[in-house]
Amino acid sequence: RSAVLGTDGVGLAGDAFDAAIVRNVIAPAFGNGTDQRTPFGKVFPLPGWVFVHLERWHQLTMLGVPSMRRRLRSILREAEHPELFGALVHVVENELAFQLVCSVQTAKADLSREDSTRLVFVDEDVCIDAPIQRSDFEAWIAPELAEMDAAVTRLLAKTGVTPGDVDRVFLTGGSSFVPAVRRQFADRFGAAKLASGDELTSVARGLALSGL
């Protein structure tokens, strides 16, 4: 017989891992952590909401609406490091969000195969060429990994199933390529029990079948 014993999960996808790279590599290169000085001489950190928008591609594109562009230009005039924040303004005004996201995703994919990589994004005066170690990336995504692990713990507890009772663990989706994700399941259930397939299409196919 086929039966669902229980379900659990967390609202995480690959863009959460992308956001970690943006937060730790892209945002500092665009001036996060630096200050702006008002015409009256007061000094404030550059507004954090700008860099939060960088962490999700759909929010990044929202910075391109006219009202947001005017705000960014206003911040640029007061930035103490205009060469950094100006790079962000260049990306927004030239609609380079997609290219920026692609550079982040390329670096993430590289770290699934290699112990280190370089995140490279170059356009006119914007030049980001930053090394990233897999160990650093795994430290950045540790909170998300902990959420995933906690969901598995809850599910086993709710169903009364032990790791030894599990015959096979199927991993799918692009994030299943991340070594730290696979290692987390291998440590709990044993590497021999892990199976995967159609990682880049199975989620969409499952949604389509569900809708059908």
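In what sense do strand 3 and strand 4 pair, and over how many bridges? Some notes on that and a few other spots follow.

1. Ground rules. This is a predicted model, where local features need pLDDT of at least 70, side-chain atom pairs count only at pLDDT 80 or more, and totals for chains, interfaces and linings use all residues. Residues are numbered from 1 along each chain as its sequence is written, and side-chain values use heavy atoms, with hydrogens and water left out.

2. To take the opening question: strand 3 (residues 116–123) and strand 4 (residues 126–133) run antiparallel, paired over eight bridges. Strands here are DSSP runs of E with at least two residues, helices are runs of H or I with at least four, and both are numbered from the N terminus; two strands pair if DSSP finds at least two bridges between them. Across the pairing, Phe121 sits opposite Ile128 in strand 4. Two residues separate the strands in this hairpin.

3. The turn. Have a look at Glu124, in the loop between strand 3 and strand 4. Its phi is positive, near 55°, and it isn't a glycine. Most residues other than glycine have a negative phi. Glu124 counts as exposed because its relative accessibility is 66% (exposed is over 50% relative accessible area, buried under 20%, partly exposed in between, with a 1.4 Å probe and protein chains only).

4. Another positive phi. Asp198 is not a glycine either, yet has a positive phi of about 50°. You'll find Asp198 in the loop between strand 6 (194–196) and helix 10 (202–211). With a relative accessible area of 57%, Asp198 is exposed.

5. Aromatics, across the chain. The structure holds three aromatic pairs (rings of Phe, Tyr and Trp, the last by its six-membered ring, with centres within 6.5 Å; planes under 30 degrees apart are stacked, over 60 edge-to-face, the rest tilted). One of them is Phe17 with Phe137: the centres are 6.3 Å apart and the planes at 85°, so this pair is edge-to-face. It ties together distant parts of the chain, with Phe17 in helix 1 (residues 14–29) and Phe137 in helix 7 (residues 134–140), 120 residues apart. Phe17 is buried at 3% relative accessibility, and Phe137 is buried at 2%.

6. Aromatics, within a helix. Phe185 and Phe189 make a stacked pair, 6.5 Å centre to centre with 15° between the planes. Both belong to helix 9 (residues 179–189) and are four residues apart, about one turn of the helix. Phe185 and Phe189 are both buried.
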